[in-house]
Amino acid sequence: QGLTPKPELHMVFPMRNLRPWIRSNPMAYLQHILTFAGKDSLLLALRDQLNVASSLSVNREDSSAGSKIVVSLSLLPEGVERLPVVLD
């Protein structure tokens, strides 16, 4: 009995350096919007309406070379089969 692998999708969105706007914390704002789990949220659409993902997480990275957001999804079996729907 081993661990059953669970499919995941990691999407990386590179952005220009956002450090000049560090005081307004744009990366935290993006993270908050993407991980919001209330009515009409991305998570509820992927999980409850489309039945393609069970969870969503967002990581962010700021550096002098640029910024990036990484959106990670734990895919359900249907999400693997319907990957274009997930990416759309």
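Which residue forms a salt bridge with Arg47? The legends below take up this pair and other sites.

**View 1. Arg47 and Asp48 form a salt bridge.** The model is predicted; local features need pLDDT of at least 70, side-chain atom pairs count only at pLDDT 80 or more, and totals for chains, interfaces and linings use all residues. Residues are numbered from 1 along each chain as its sequence is written, and side-chain values use heavy atoms, with hydrogens and water left out. The closest N and O atoms of Arg47 and Asp48 are 2.9 Å apart. A salt bridge is a side-chain nitrogen of Lys or Arg within 4 Å of a carboxyl oxygen of Asp or Glu. Arg47 has a relative accessible area of 33% and is therefore partly exposed (buried means under 20%, exposed over 50%, partly exposed in between; 1.4 Å probe, protein chains only).

**View 2. Lys68 is joined to Glu61 by a salt bridge.** The N to O distance is 4.0 Å. Lys68 is partly exposed at 30% relative accessibility, as is Glu61 at 42%.

**View 3. Glu78 and Arg82 form a salt bridge.** Their closest N and O atoms lie 2.7 Å apart. Arg82, with a relative accessible area of 28%, is partly exposed; Glu78 is partly exposed at 30%. The whole structure has three salt bridges.

**View 4. Tyr29, Leu30 and Ile33 make a nonpolar surface patch.** The patch covers about 290 Å² (residues with over 30% relative accessible area and no salt bridge; like charges are joined within 9 Å, nonpolar side chains, Val, Leu, Ile, Met, Phe, Trp and Tyr, within 5 Å; areas by the Shrake-Rupley method with a 1.4 Å probe, where for residues only the protein chains shown count as cover). Leu30 counts as partly exposed because its relative accessibility is 31%.
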